[in-house]
Amino acid sequence: MGSQGNDWDVEQGEDKGLVREHHRRNSEVELVTNVRFRMVWIFLDNLQQVIFGTKLFVLFPAIPAAIVAKSYNIGNPWIFALSLLGLTPLAERISFVTEQISFFTGPTVGGLLNATCGNATELIIALLALHQGKMDVLKYSLYGSVLSNLLLVLGSSLLCGGLANLNKEQTYDRKQSDLNSILLVFGLVCHVLPLMFKYAVNPASHRVHPVVQEVILRFSRVSSIAMLIAYAAYLVFQLKTHHQLFEAQEEAESSKETEEEPEIGIASGLVWLIGMTIIIALLSEYVVGTIEDASDSWGIPVSFISIILLPIVGNAAEHVGSVIFALKNKLDISLGVSLGSATQISMFVIPLCVIVAWIMGIPMDLDFGHLQTATLASAIVLTTLTLQDGTSHYLKGLVLCLAYVVIAACFFVRKYPTSTMTNAEVLHHPQD
């Protein structure tokens with residue numbers, strides 16, 4: 001009996017061990033299954049938020065279409081058009097992803113991240129144009145981005161905000177706009193001086209002496225370093241030492257954060273950010289490589305495409321966000337978006353390209369030409385006068401938008417880069 005009892009206990013122990021082993025294996029299978037389902041659920045949720053969370057999602061099919069067009073060499077104008085359409089939702093969505101990441105990083109790091117990624121499209125296009133030696137496209141696109149933010153983005157924001165708030169007085173804190181205006185004027189000085197120096201030394205000649213060109217190039221590099229120092233001080237001023245001047249924008253953002261929660265995690269946000277940056281770089285390479293062929297095929301000047309069309313695509317996120325805040329009578333944020341982006345291009349992206357070109361051995365200076373410099377100065381002066389009294393109405397926005405239309409028409413009828421034409425070439429093309 002004792003041996004039978006021991007045998008029964010052994011069998012029972014073996015059975016319990018088998019049961020525990022069975023449960024352990026089942027739990028591991030369930031855990032792996034749950035992890036797999038969770039990963040799939042996170043991916044589908046991110047896909048819903050990032051891709052289908054914007055009304056511009058209908059343009060996402062243009063991305064694979066551009067890749068197919070490039071692979072099968074369908075035609076450079078088609079590649080350019082599809083790439084431009086594909087960049088539009090990417091520029092808006094990359095702003096959304098950086099906003100989601102800022103929920104986890106805090107306002108300081110989030111502000112720096114937005115400063116870096118907010119104009120990612122323009123920066124990538126500029127660097128690719130620099131790498132391919134297309135200096136006209138590089139300068140045109142950067143100049144056009146500043147112009148678009150000052151006149152189109154800000155103008156449409158003031159126009160829509162004024163029409164939506166006819167019975168309310170729209171006001172804003174002048175401290176922010178004054179600070180950005182000072183930086184924009186400083187950047188304008190750095191653009192005007194090389195142009196003035198060139199004609200002060202040899203005003204009668206249309207050809208710049210190589211020695212004079214070398215002096216202008218060195219002066220532009222020194223000015224670019226000064227602009228980068230000024231922009232770095234601006235970031236410290238805004239985010240650290242005098243952040244109380246921007247408290248209206250910070251309070252609005254903080255109230256927004258208390259009402260909203262991040263829709264995607266930080267790991268997912270970083271993956272989406274890296275992936276979108278790679279796709280933007282690919283499409284930007286297509287755009288830069290096919291812009292001349294598209295210009296010839298459509299009969300549209302390269303200057304118009306670079307100054308008007310490319311910045312509209314690159315500033316899609318700023319444009320939509322600025323208008324939405326203006327409709328809600330939050331002009332401080334609208335001005336922070338439009339003026340902040342213009343300041344970033346003028347004081348960070350342009351001098352950065354000059355320094356990168358210096359490292360690469362490519363001669364790039366801050367002389368953007370007569371017409372570009374004159375219209376940029378006009379835009380800065382007009383914007384400064386518009387914002388001088390701290391109040392806004394729809395008429396101010398309408399004037400800024402009309403000024404942008406007039407400048408766009410000017411570059412549309414400009415068929416040739418007249419700043420590099422000789423007298424004989426001007427006489428040969430009297431329509432210009």
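Predicted model: local features only at pLDDT ≥ 70, side-chain atom pairs only at ≥ 80, totals over all residues.
Helix H6 (residues 135–164) takes part in two of the packing arrangements described here. With helix H5 (residues 120–131), the axes come within 8 Å and cross at roughly 160°. Because angles over 145 degrees count as roughly antiparallel, H5 is assigned as roughly antiparallel to H6. The crossing of these two helices is left-handed. On the H5 side, the contact is made by Glu122, Ile125, Ala126, Ala129 and Leu130, and on the H6 side by Met135, Val137, Leu138, Ser141, Leu142 and Ser145. Eight of the residues in this contact are nonpolar, two are polar and one is charged.

H6 also packs against helix H13 (residues 331–360), at an angle of about 170° and with the axes 9 Å apart. H6 and H13 are therefore roughly antiparallel to each other. H6 contributes Leu138, Leu142, Ser145, Val146, Asn149, Leu150, Val153, Leu154 and Leu158 to the contact. From H13 come Leu331, Leu335, Ser338, Leu339, Ser341, Ala342, Ile345, Ser346, Val349, Ile350 and Cys353. By class, this contact holds 15 nonpolar and five polar residues, with no charged residues.

Cys353, located in helix H13, has a relative accessibility of 0% and so counts as buried. Apart from neighbours within four places in sequence, Cys353 is in contact with Ala126, Leu127, Leu130, Leu138, Leu142 and Met364. Among these, Ala126 and Leu130 belong to the H5 side of the contact between H5 and H6, and Leu138 and Leu142 to the H6 side. Between Cys353 and Asp365, the C-alpha to C-alpha distance is 9.5 Å, and the two residues are 12 apart in sequence.

Five aromatic pairs were found in a search of the whole structure. In one of them, Phe304 and Phe412 are arranged edge-to-face, at 5.1 Å centre to centre and with 80° between the planes. Phe304 lies in helix H11 (residues 302–314) and Phe412 in helix H15 (residues 394–412), so this pair ties together parts that are 108 residues apart in sequence. Tyr231, Tyr234 and Phe348 form one aromatic cluster.

Terms used
Residues numbered from 1 in each chain as written. Heavy atoms only, no water. Axes fitted to C-alpha atoms, helices over the stretch in contact; angles between N-to-C directions. Helix = DSSP H or I, 4+ residues; strand = E, 2+ residues; numbered from the N terminus. Parallel < 35°, antiparallel > 145°, perpendicular 65-115°, else oblique. Left-handed = near helix turned anticlockwise from the far one by under 90°. Contact = heavy atoms within 4.5 Å. Nonpolar A, V, L, I, M, F, W, Y, C, P; charged D, E, K, R; others polar. Phe/Tyr/Trp six-rings, centres within 6.5 Å; stacked < 30°, edge-to-face > 60°. Buried < 20%, exposed > 50% of the residue type's maximum accessible area, 1.4 Å probe, protein only.
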